[in-house]
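Hi,

Here is the structure I said I would pass on. Have a look at it first, and then read my notes below.

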Amino acid sequence: MPLARRAFLTAVAGAAGTVACSHAPAHSDGRPAKEAPVTEAATAAATRAARRLLPHHWRQLRFEAKGAGTDAFRVSGETGRITITGDTAATQLTGLRWYLKHVTHANISWAGEQLDLPADLPGPPGTVTRTANVPHRFALNDTNDGYTGAYNDWAYWERELDVLALHGYNEVLVYAGADALYHRVFRGFGYTDEELRQWIAGPAHQPWWLMQNLAAFPDPVSRQLLDARATLGRRITDRVRELGMTPVFPGYFGTVPPGFADRNDGARTVPQGTWMGLRRPDWLDPRTEHFARVAAAFYRTQDEMFGGPSTLYKMDLLHEGGDPGDVPVADAAKGVEKALLTAHPDAIWVILGWQRNPPRAIVDAVAKSHMLVIDGLSDRFPKVTDREADWGDTPYAFGSIWNFGGHTTLGANTPDWAALFNKWHTKQGSTLRGVALLPEAADNNPAAFDLFSELAWETGELDLTVWFREWALARYGARDPHAEAAWDILRRTAYGTTRADSWSEGADGLFGARPSLTAKSAAKWSPKQLRYDSAEFEPALGELLRVRADLRNSSAYRRDLLDVARQAVSNRSRVLLPRVRKAYEAEDAPCFDRLTGDWLALMDVLETLLATDSQHLLGRWVADARAWGADAAERDRLAYDNLSLLTVWGTRQGADAGLRDYANREWAGLVGGLYRLRWSTYFQELRAAMAEGRAPEAVDWFALEESWTRRPGHLATRPTGDTYSAAVHVRELLATTR
């Protein structure tokens, strides 16, 4: 986000204040409680959000809190006076989004916006009412605070929450400040301030600490950092409630610092071993009185720090290889549930559907009215067909993880969304009660974001041909044959993939891979081949470049143009690398030199393109982390915490096991920095080996990557150049390197 934009949002936030809310219990049907009562506070909150989003037009909007029904909005009015009714600020804002898309042909997304609005807003053709078809509309993955940005500030979060409310979400995962919560809780169980700060992971790696995968990496956290994150977490929570959404807090399921049993007589802990070369935190037996005491302190302190209880608590018991030891999993689940409901009798335990999680031992042991599974595999595996049978009729939310690690890959399995959601929701005996927006990083794939968000507000199966045509209209503000053609190509290629091949994300590019002539992906656990025909995809770039000039001025157009141009270059890496390999194996030095020159030229043009957009700058990522440090040493530690997540991720053992480049992304500074350094080093060694008639020497890639991560050199924090001109250059270069 540009600095001027951040300053504006921060100023508005300071002027807006916070609206206090009561906390109602959950409804008996499992529908989440409303965190804000139906009062004038809701209309005031919606008005403030509209002012932030539409600073020149908000006065023409009138929000009302009564009359539309539960989880519903109504839009009516006339020119210059639009009335939007909804039971919460969030549903009112969802009505505003409907109006902007369908009446004014405007678009606000988490990646670009188009707001070429007339001075007087037009009235809708009549009164329109929409009701959500599911009560749970959950947003954000456990990994969001890592891969989207652990060091995002309040200006970022204010915008993000407005956009989530605008898109119909009513439950938002809030992890910021959980580090300070654990610190405060365990100070009461025999630990010193320093011991706990050494145990807590750095902010970028904290999601995996909260999931019990690791601890104490990469460096101890400071007290001032804990305090600052607690303040941010409280501010996020207050705003979530103000908008009428429910904050989803981390629950307590047994994570303890080292040596807990030594400090607390009679406590029983189960060692969890290691994960990717990092020690996992010990697990406190949930059947015990010690667990009950820690959990009670946890929930009591959480209420104090974050303004009261929620009704939703996220916990993944024994995540990704956790070891129950001799503790029966069902008994452990009962202990976790008992502690939660003792503290908050109306609470719902939210658990991720992922790999073999949750097992029947868990869902059969707890009250189904107090559990919600957010399914991360709805659009991943064809074998997933009956979640009622899988989870014993436990309520669940249809979810998608179209992005892993923050990859910049464009696309999603939208045909599966259109076909499966309505089918599963309407079948006899369905326990589908929600949608779950679960990309591992947010702020990407704006078309996927908008389409997925609309599932909860539509009836029947979506017509994707119509949807993408209307998306092009709202995204750019007017009908344009080239815009429609571009998005129809994208619908059939990047957004036309399905779970038939057991993937939910697109293939990443090879420029971000550790160099190898046989590389198939940059991230170990990503698709090994492109999931559509790159030759069919590439004409979308030419069509976008032909969109008429008066529709090219929005950040929405520039973002889409950059995404398509970037993806076209990225796809070319998969065409070019086999040719490089063939030239090397044939010992054809002239051909090898030409092809490797083409490879590096593509990387250079990609770097130039990415540098035109502030959201694609590695320098911004590093600067955001450094801004949280109190002195030079802490700023360096935080910069490493954030940057290492994108490169080596963790230790040498973990990197070599597959964590390296898990979060690869095509950003300026990475493509032209680490990625180009690796490939140029590799090509030089191959060329020398060819000339000298020997085998190439092995490169210690981890040492090179770690060294670069510690000292990446100057990284730009401001965009340079023009996206359109850079995209034209991309098209020209692609034409010469077929």
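This is a predicted model: local features need pLDDT of at least 70, side-chain atom pairs count only at pLDDT 80 or more; totals for chains, interfaces and linings use all residues.

Let me start with helix H27, where Trp701, Phe702, Leu704, Glu705, Glu706, Trp708 and Thr709 are buried. Buried here means under 20% relative accessible area, exposed means over 50%, and partly exposed is in between (1.4 Å probe, protein chains only). Helices (H or I, at least four residues) and strands (E, at least two) are DSSP runs, numbered from the N terminus.

Residues are numbered from 1 along each chain as its sequence is written, and side-chain values use heavy atoms, with hydrogens and water left out.

Now the overall picture. The protein chain has 28 helices and 19 strands. Its radius of gyration is 25 Å, close to the 27 Å that the globule rule gives for 738 residues, so the chain is as compact as a globular protein of that length. (That radius is taken over C-alpha atoms, and the rule is 2.2 Å times the number of residues to the power 0.38.) The C-alpha trace spans about 75 × 70 × 55 Å along its principal axes. Of the 738 residues, 64% are buried. Among contacts between residues at least 6 apart in sequence, 75% join residues at least 24 apart.

On to the charges. There are 54 salt bridges in the structure, each being a side-chain nitrogen of Lys or Arg within 4 Å of a carboxyl oxygen of Asp or Glu. One of them joins Glu242 and Arg48 at 3.0 Å, N to O. That pair links distant parts of the chain, with Glu242 in helix H9 (residues 223–242) and Arg48 in helix H2 (residues 40–53), 194 residues apart. Glu242 has 2% relative accessibility, so it counts as buried. Both residues also belong to a salt-bridge network with Arg52, Glu158, Asp162 and Arg239.

Asp193 sits in helix H7 (residues 193–199) and Arg223 in H9, 30 residues apart. Is Arg223 buried or partly exposed? With a relative accessible area of 43%, Arg223 is partly exposed.

The structure holds 14 cavities of 30 Å³ or more. On a 1 Å grid over the protein atoms alone, a cavity is a set of points where a 1.4 Å probe fits but cannot get out, and lining residues have an atom within 4 Å of a point. Grid points are joined across faces, edges and corners, and a volume is the space filled by probe spheres set on the points. The largest cavity has a volume of about 120 Å³. Of its 14 lining residues, the closest to the centre are Arg97, Trp98, Glu454, Trp457 and Glu458. Helix H3 (89–102) and helix H16 (446–454) each give two or more residues to this lining, and H3 gives the most, with 5 residues.

Key
Contact means heavy atoms within 4.5 Å. On a 1 Å grid over the protein atoms alone, a cavity is a set of points where a 1.4 Å probe fits but cannot get out, and a pocket is an open set with protein on both sides within 12 Å along at least five of seven lines; lining residues have an atom within 4 Å of a point.
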